[in-house]
Amino acid sequence: MKKKLLSLLLCGAMLTATMFGCGKTDGSNDAGTAGGGETAKSGDVQVGIVLPTKDEPRWLQDQKQFDKILGDQGFTSKVLFSQGKSETEKSNVEALIEDGVDVLIICAQDAAAAGAAVQEAKDAGITVICYDRLITGTDAVDYYVTFDSVAVGKAQGQYLIDNKPEGSGIPLYLYAGAATDNNAFLFFEGAWEVLQPYVADGTFVIANSDEANKLADKAELTKDEQAKIIGQVTTDWDFNVAKSKAEAHLTANDASLKGDVVILAPNDGTARSIADTFAADADVKSYVITGQDAEVASVNYIANGKQSMTVFKNTSTLAADSCAMAAAILNNTTPETVTTYNNGKKDVPAKQTDITVVTQDNYKEVLIDSGYYTEDEIK
Ligand code: BGC
């Protein structure tokens with residue numbers, strides 16, 4: 001496409017000027033970043049970014065990093081949010097195609113539904129990078145930049161094992177992410193791998209999923225089996241859904257499935273609402289609960305003993321990796337990848353980033369001393 005040529009020429013001209021070798025010549029070429037569907041100022045946009053929603057702090061962390069890194073490197077870029085809707089996501093992609101982007105970095109709302117949007121981008125000659133969430137069932141994706149999501153689930157499960165109450169027959173409540181998000185399966189796979197032996201030997205008793213109980217003796221689940229469990233305990237990544245499911249589970253169970261419990265919560269937003277619900281039940285004496293994302297509100301919950309742990313996924317690394325990938329593509333070189341993820345249609349070359357478990361003991365060191373958050377943000 002014509003704009004690709006223009007960008008490559010620009011990149012070539014600026015090669016020595018910036019770290020990635022692709023810089024803007026002056027402000028007039030800077031489209032800036034436009035959140036929530038606003039229009040960019042003018043001119044060519046080299047890198048378009050589509051994120052799932054502004055309503056979850058996780059994705060605002062990513063936006064902040066993109067703004068910083070792409071701005072520092074002199075890329076012209078635009079960030080758009082899909083606000084939880086695949087239709088908005090598709091029109092965002094179409095708007096970015098109109099803007100002439102060369103690289104699309106997209107975190108899909110729905111792994112399968114996003115296939116049509118990225119196909120349009122591909123047809124327009126755009127290189128597509130899946131960001132954090134893999135788009136499935138299409139060969140219209142080129143690269144994947146992600147955290148190690150199976151490791152996230154393993155870390156959550158292991159935390160419950162390491163911090164469980166004494167004895168056996170401990171009630172285990174399972175919750176999962178949205179079934180439309182491939183990551184929800186990866187997180188669940190990792191958690192199940194470590195938790196299942198403790199379910200099989202009676203240390204834990206699954207308290208809220210008969211589908212999981214049916215599979216209690218199975219170490220490795222097929223995707224269909226995972227889907228059956230996730231179908232029962234999904235939060236849809238929505239704290240209201242998480243709250244009403246937790247309430248329903250506690251209403252259905254008698255005191256024998258309460259007392260000292262452990263809870264696999266898939267991320268911070270859902271963890272906070274599940275934790276509040278369990279805390280409000282008089283028959284729940286104590287709970288250990290996982291999380292993910294190191295959202296400010298959850299770090300505060302951890303500091304105050306209301307959430308047990310979170311998994312810190314350093315969005316500055318993820319955004320930097322995808323920007324480096326974008327730079328390589330704009331410079332017509334092959335981006336660095338370390339592994340592949342099969343999306344049902346192809347093995348997608350991927351770059352993967354490690355995760356860090358955060359608890360009351362290390363949140364200051366990991367999140368504040370590192371400068372990721374300021375001391376004022378965590379009270
Ligand atoms: C992300 C999590 C996030 C969740 C809900 C997942 O795909 O990996 O970090 O909490 O979506 O937005």
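This is a predicted model: local features need pLDDT of at least 70, side-chain atom pairs count only at pLDDT 80 or more; totals for chains, interfaces and linings use all residues.
A residue is called buried when its relative accessible area is under 20%, exposed when that area is over 50%, and partly exposed in between, using a 1.4 Å probe and protein chains only.

Residues are numbered from 1 along each chain as its sequence is written, and side-chain values use heavy atoms, leaving out hydrogens and water.

Let us stay with Trp237 for a moment. Trp237 sits in the loop between helix H8 (223-233) and helix H9 (239-252); helices here are DSSP runs of H or I with at least four residues, strands are runs of E with at least two, and both are numbered from the N terminus. Most residues other than glycine have a negative phi. Trp237 is not a glycine, yet its phi is positive, at about 60°. Asn332 also has a positive phi, about 65°, without being a glycine. You will find Asn332 in the loop between H12 and strand S11 (339-342). Asn332 counts as exposed, because its relative accessibility is 63%.

Now turn to strand S4 (residues 127-131). Why is S4 described as largely enclosed by the rest of the structure? The reason is that 5 of the 5 residues in S4 are buried. In a regular strand the side chains alternate between the two faces of the sheet. On one side of S4 are Thr127, Ile129 and Tyr131, on the other Val128 and Cys130, and all are buried, so both faces are covered. Strand S3 (residues 103-106) runs parallel to S4 and is joined to S4 by 4 bridges; two strands pair if DSSP finds at least two bridges between them. Leu104 stands opposite Val128 in S4.

Next come the charges. Side chains of opposite charge can pair when their charged atoms come close. A salt bridge is counted when a side-chain nitrogen of Lys or Arg is within 4 Å of a carboxyl oxygen of Asp or Glu, and by this rule the count comes to 15. Take Lys68 and Asp72, whose closest N and O atoms are 3.9 Å apart. Both belong to helix H2 (residues 57-73), 4 residues apart, about one turn of the helix, and both are exposed.

Other salt bridges link separate elements. The side chains of Glu120 and Lys90 meet at 2.9 Å, N to O. Glu120 is in helix H4 (residues 114-123) and Lys90 in helix H3 (residues 86-99), so this pair ties together parts that are 30 residues apart in sequence. Glu120 is partly exposed at 28% relative accessibility, and Lys90 is partly exposed at 31%. Lys351 forms a salt bridge with Asp321, with 3.2 Å between the closest N and O atoms. Here Lys351 lies in strand S12 (residues 347-353) and Asp321 in helix H12 (residues 315-330), so parts 30 residues apart in sequence are again tied together. Lys351 is buried at 18% relative accessibility, and Asp321 is buried at 15%. Finally, Arg58, Asp62 and Asp132 are linked in a network of salt bridges.
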